[in-house]
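Hi,

Here is the structure I promised to pass on. Have a look first, then read my notes below.

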Amino acid sequence: MTPSPVRHSDAPRILARCRELVRPALGRAVREMHPWHAEITAYSFGWDGNGGGQGKGVRQALAVLGAEAVGAPAREAVAGAVAVELIHTFSLLHDDIMDGDETRRQRATAWKAYGTGPAVLAGDALFALAVRVLAQAPGSAGPAAVRLLAAALDDLVRGQADDLLFEGRPWTGPDAVRPHEYRLMAERKTGALLGCAAGLGAVLGGAGRSRTDALTAAGRHLGVAFQVVDDMLGIWGDPTVTGKPVHSDLRRGKKTYPVLVALADGGPAAGRLGALLRSGTVPDDGAARRAAGLIEEAGGREAAGAEAARQLESARACLESAALAPEPLAELLALLAYTASRTG
């Protein structure tokens, strides 16, 4: 049966429906934490009423839609949705510390607000809580769900390790980071948890291996698209929407996909870009603007957009290859398009 037409504009409604379903269980889980950890978590989620705000909830939506897509009620995925949201928040707490990021969603990150030690400990507590929530999921699927989460976590930390190691490698030459290495890192660091979210919905919904694998693979492709778009926003995004300073990734010298693919072009603009990056002057306003222009001139912006589109199409193909329920499939497709085309 052919699904309903993809409605990009329906994605905010889909996300809101899934958040509304998951929020009570997420709140109950957080209240089970040590009060200090719960306070830091509430701050990270934007529940403290002092600005900020929780993210869009893409991962929890993938879990809910994954269950519905295999014919199960949405409630079957709630434990999985809570677990991936907790793990995502754990990873953000630690990422912000590793990257030295002082703001997120236009206010101080948890480590700046509470200190490095408390933020690390809160992240650890979230990790433990996520595993417990999933292990206690109703029904017989708990062990399989925990195994899926464990595999995703292994990939996630491998991707984080590669991301950090990339920082110490040169911009050009035989030891430079290549675009295909970056794609693998992004699939692990970002795609693993998105794939896990969709796969958990299927597992908790009682699906077999083929549909679970299809949903998991779709999420992993979406993760690469998501990361590449994020990289583009870090260079060309509107700071009032992204909450990050203009050219923030360039200033920090991050090896992002548009930069790497521009350097791999080998043309005159790529040569000038490599020289500028090696000079170490990019944190300067003028140098950062010149670098952004050279990346675009060398085709980095166009190639990054094309890569995001390819990954999104691969995600779509994975979903359409499985025997999924038509309406949830249509909602998944709308969510993919919306997520990969975001501006902040």
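With 344 residues, what radius of gyration would a compact globule have, and what does the protein chain have? A compact globule with 344 residues would come out near 20 Å, and the protein chain has 20 Å, so the two agree. Please keep in mind that this is a predicted model.

**Overall picture**

The protein chain has 16 helices and two strands. Its C-alpha atoms fill a box of roughly 60 × 50 × 35 Å along the principal axes. Of the 344 residues, 54% count as buried. Residues 24 or more positions apart account for 76% of them.

On the H1 side, the contact is made by Leu-21, Val-22, Ala-25, Leu-26, Ala-29 and Val-30. On the H4 side, it is made by Val-78, Ala-81, Val-82, Glu-85 and Leu-86. By class, that gives ten nonpolar residues, no polar ones and one charged.

Next is H3, residues 58-69. The axes of H3 and H4 come within 8 Å and cross at roughly 160°. That angle makes H3 roughly antiparallel to H4, because over 145 degrees counts as such. This crossing is right-handed too. Arg-59, Gln-60 and Ala-63 in H3 meet Gly-80, Ala-81, Val-84, Glu-85 and His-88 in H4. The contact of H3 with H4 divides into three nonpolar, three polar and two charged residues.

Ala-81 and Glu-85 of H4 are listed in the contact with H1, and Ala-81 and Glu-85 are listed in the contact with H3 as well.

One further residue of H4 is worth a look. Ser-91 is found in this helix. Is Ser-91 buried or exposed? Its relative accessibility is 6%, so Ser-91 counts as buried. Leaving out residues up to four places away in sequence, Ser-91 touches Leu-156 and Gln-160.

**Two loop residues**

Glu-76 sits in the loop between H3 and H4. Its relative accessibility is 34%, so Glu-76 counts as partly exposed.

Trp-47 is in the loop between helix H2 (35-45) and H3. With a relative accessible area of 23%, Trp-47 is partly exposed; the cut-off for buried is under 20%. Trp-47 and Gly-27 are 20 residues apart along the chain. Their C-alpha atoms are separated by 9.8 Å.

**A residue in H6**

Leu-134 is placed in helix H6, residues 116-135. Its relative accessibility is 0%, so Leu-134 counts as buried. What does Leu-134 touch, not counting residues up to four places away in sequence? Among its contacts are Ala-79, Gly-80 and Ala-83. Gly-142, Ala-145, Val-146 and Leu-149 are also among them. Leu-200 and Leu-204 complete the list. Gly-80 also belongs to the contact of H4 with H3. Asp-265 is a separate case: Leu-134 and Asp-265 are 131 residues apart in sequence and 45 Å apart in space, C-alpha to C-alpha.

**H15 and H16**

The last pair is helix H15 (residues 300-321) and helix H16 (residues 326-340). They pack at an angle of about 170°, with their axes 10 Å apart. That makes H15 roughly antiparallel to H16. Leu-312, Ala-315, Arg-316, Leu-319 and Glu-320 make the contact from H15. From H16 come Leu-329, Leu-332, Leu-333, Leu-336, Ala-337 and Ala-340. By class, there are nine nonpolar residues, no polar ones and two charged.

That is what I have for now.

Best wishes

Notes:
Residues numbered from 1 in each chain as written. Predicted model: local features only at pLDDT ≥ 70, side-chain atom pairs only at ≥ 80, totals over all residues. Heavy atoms only, no water. Contact = heavy atoms within 4.5 Å. Helix = DSSP H or I, 4+ residues; strand = E, 2+ residues; numbered from the N terminus. Nonpolar A, V, L, I, M, F, W, Y, C, P; charged D, E, K, R; others polar. Rg over C-alpha atoms; globule rule 2.2 N^0.38 Å. Buried < 20%, exposed > 50% of the residue type's maximum accessible area, 1.4 Å probe, protein only. Axes fitted to C-alpha atoms, helices over the stretch in contact; angles between N-to-C directions. Parallel < 35°, antiparallel > 145°, perpendicular 65-115°, else oblique. Left-handed = near helix turned anticlockwise from the far one by under 90°.
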